[in-house]
Every structure is written in C-alpha cells, then in structure tokens.
Amino acid sequence: MTSEMHFWLTTCVVGITILLWAIGRLPEYLTALLFFAAATLLNIAPASTIFSGFASSAFWLVLSGFVLGAAIRKVGLAQRWANWLVVPLSQSWTRMIAGTLVLTYLLALVMPSNMGRIALLMPVVLALGERAGIKAGSQGSIGLALAVGFGTFQLSASILPANVPNLVLSGAAESAYQIHLQWLPWWLLHLPVVGIGKGILLAACILLLFRARPQPVRHRDRLEPLSRSEWRLIGLLAITLLLWMTDSLHGLPAAWVGLAAACLCLLPRIGFLTGDDFASGVNFRTCIYIAGILGVATVVVESGLGRLIANLLLSVLPLHDHASFANFAVLNALVSLLNFVLTANGVPAMVTPMAQELASASGFSLISVVMLQVFAYATPLLPYQASPIVVAMGLGNVPAKAGLKLCVLVFVFSVLLLLPLDYAWFSLLGYA
C-alpha cells in the first residue's frame, strides 16, 4: 500500500468514526468498537497506537471512578453526605443547580482529577436529588448529572492543575518555548470568564432545558452512627484524596492511585463490592467509548493527519497582521475545529507547538496565543470532545440527546456572549 493510500484510509476511518459520534445514530461504544475493528483490519496504525486508549491514565481513572462511586453508594456515604447538603440546596431548583456547580468548582481547587471529582460527586448529587423528591431518570436527575459533568470539566479549566488539557498545554509550552505557566496568573486570566461567566451561563442553560420542582427539606434526617464499613471507606477516600492532591510531591499519577483504591474496594472481606456489584456498577460501555476517543486522537496525531489539518486551516484562516477581536475569534475557531478530530486532551498538544507561527500571523504575543486555547477547548460543541462529560453522562444515566442539547446550547451562547468578554479581559490584562 502506498503512503498516500494509507493516509487516505486513515482519514476515512477517523472521519467516519467522528461523524458517527456526532450524529449519534449508533451507540457510542459500538462506534468505538467499529473504529477498533476497521483500524486493525485496514492496518492504518500499529495496534499499540489504535488501542492506546486502554493504556492511558484517563481510561483507568474512568474505571476506578466507577468503582469508587459504586462503593460510596453501597455503604451509604452518598446518602449521608446528601443529607448534609439537602436542607440548603433543596429550597429551589435554581439553588440546587447553582449549588452543584459551586461544589464542582470548590472540589477542583483541592483535587486535580476530573474523573475522580465526578466519581465522588455524582452519587452524592443524585442522592441529594432523590432526597428532595427528584426521581432517577427524570428531567431533574438528568439536569443534576449534567451539572456535575459540565461543571467539573468546563469550570475547572480556569484552574491550572485541575484539568488534563491544561496540563497538556502547560507541558507543551514548557517543552516548546520554555514558558513556565504558574497557578495564580492562570487563575486571574481565566477565572472571570471561564470560571464565573461560564458557571452562570451553564446554570442558565441547565435551568432552561431541564425543569424540576424539588421538595424543600426543612430538617435533616437523623441517621444511625457511621458504620464500620463507612469509616473504612472514609479512610480509604481520605488517603486517595490526599495522594491526588499531593501528586506533585510524590510523583504517583492520579490514575494509578485511583486504580489501587478501586482494587481495595473489590478485595474479598477487606473491600465493599462483590463481583455482581462490580458488573452492575461499572459502565463498561462508557469505558470502551473513552478508549475509542483516546485511540482516535492518538491515531490522528501520530499519522500526521492532525498537523495536516492544522496547516490547511492556517493557510485559509482570514488572519490580519495586527491583534484584533477578529483574529482572536479566528484563533478560537481554529482550536474549536481541531477539537472535532483531536478532542480536548489532544488540541493543546497540537496547537501549542504552532503558537509561534500563529502569533506572527495574528499580531498577538506568543503567551496570548498559548493561553487563548483554554476558552475554546473548554467549550466543546459535542460531548465526545470532552471525556469527563461522557463519563458523567454514563454515571448519571444521561441520554445522549440530552447531553448533546446542553453542549450545543452552551457552545452557542459562549461564542455569542463570553468570547467577546474573554477578549476584553485579555486586553485589560495586556494579553491582547
């Protein structure tokens, strides 16, 4: 097979896979399996590349997140924590959604893993909803689950270590340009729009799409004292959380810490879950979907397809040689377009090495081009572009159409309302 034919086969397989995910006519996991089958039969890349998603830390964070979430629900900790939150948050639907989004942000300040935060919060928030009369599978339950997923991924982009794409961008900037991004400047630049503005917009969109009437709870239930299983699980979660928070000190990746915690949850006598609990508590469909997303992104990068697409887009982009809002919008559009083929984790790895050329063509400084990516990759148009959102939809049993509607609505209003604000804030701080 010639290299040109090989390249076009790769393009066709990747393009059809992304199209199937976008239109949602097949289950997401089935599309991922079809990608694995087509990619291996046509030999478009080595097996180690095609199945790289199964070796990635994100995959194992997802799997361990499902296990930890199942353990939290089984021993009763989800209901106990929900009991503490139900009185202040159940007084109105607006307060419940806003409170959930605030919880996702506060947890992001101390816990670096998106998947870990979703695993901890999802059972608690769903139990909180049930305590306030919101039944599982209802519009209210779907809204709460999406608040956890979207809040965890999108709002945490304003905190440097709390989001995988942020860390990819930081590493790429340091490797390519010796730019050492710091926590406080990052937070000051992105908090007003990506943090606060996006949080208000998310709350408004969820309230618009998903309606519920929680039953206000005036008094907390009197619960039995913590059981031995609950104390043991609290200890395990505390150690896991501490190791996640201090990963920069000990060097243990969050994924392997989570996997070890999940194994302890499954051990006979010591753990909390049986084999049946594991089979019912882990959404293997979502795990396969995540592995497929990561495999597609790796194939795109290693085949050179991503670089070709980026260069083609750069050659036709209407950029002017002076910094302006038009150039700012065009560069954001570039990142958003690449998000379709690379997903959020892969975009900064591809765009950051091109930042110097983009800066020269647009009139922005190098650091401005590096930093403006955050708004775009934190605002996916389709759920598959952000794996934490997909995981949250799996944990919360959210229909694909509901996640798609919220994703599109948030994207449209983010472009119309928040993008100009982001440019204004960049200009005020001297980045534009």
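Leu-223 is partly exposed, with a relative accessible area of 42%; partly exposed lies between buried, under 20%, and exposed, over 50%, using a 1.4 Å probe and protein chains only. Before I go on: this is a predicted model, where local features need pLDDT of at least 70, side-chain atom pairs count only at pLDDT 80 or more, and totals for chains, interfaces and linings use all residues. Residues are numbered from 1 along each chain as its sequence is written, and side-chain values use heavy atoms, with hydrogens and water left out.

Leu-223 sits in the loop between helix H11 (183–209) and helix H12 (228–245); helices are DSSP runs of H or I, at least four residues, numbered from the N terminus. Not counting residues up to four places away in sequence, Leu-223 touches Arg-80 and Asn-83, contact being heavy atoms within 4.5 Å.

Next, Thr-104. This residue belongs to helix H7 (residues 93–110). Buried or exposed, at 1% relative accessibility? Thr-104 counts as buried. Beyond its neighbours within four places in sequence, Thr-104 has contacts that include Arg-117, Ala-147 and Leu-155.

Last, a helix pair. The axes of H18 (residues 325–351) and H22 (residues 400–428) come within 10 Å and cross at roughly 130°. Axes are lines fitted to C-alpha atoms over the stretch in contact, with angles from 0 to 180 degrees between N-to-C directions. H18 is therefore oblique to H22, as angles under 35 degrees count as roughly parallel, over 145 as roughly antiparallel, 65 to 115 as roughly perpendicular and the rest as oblique. Among the residues making the contact are Phe-325 and Phe-328 of H18 and Phe-411 and Tyr-423 of H22.

Note on methods. Helix = DSSP H or I, 4+ residues; strand = E, 2+ residues; numbered from the N terminus.
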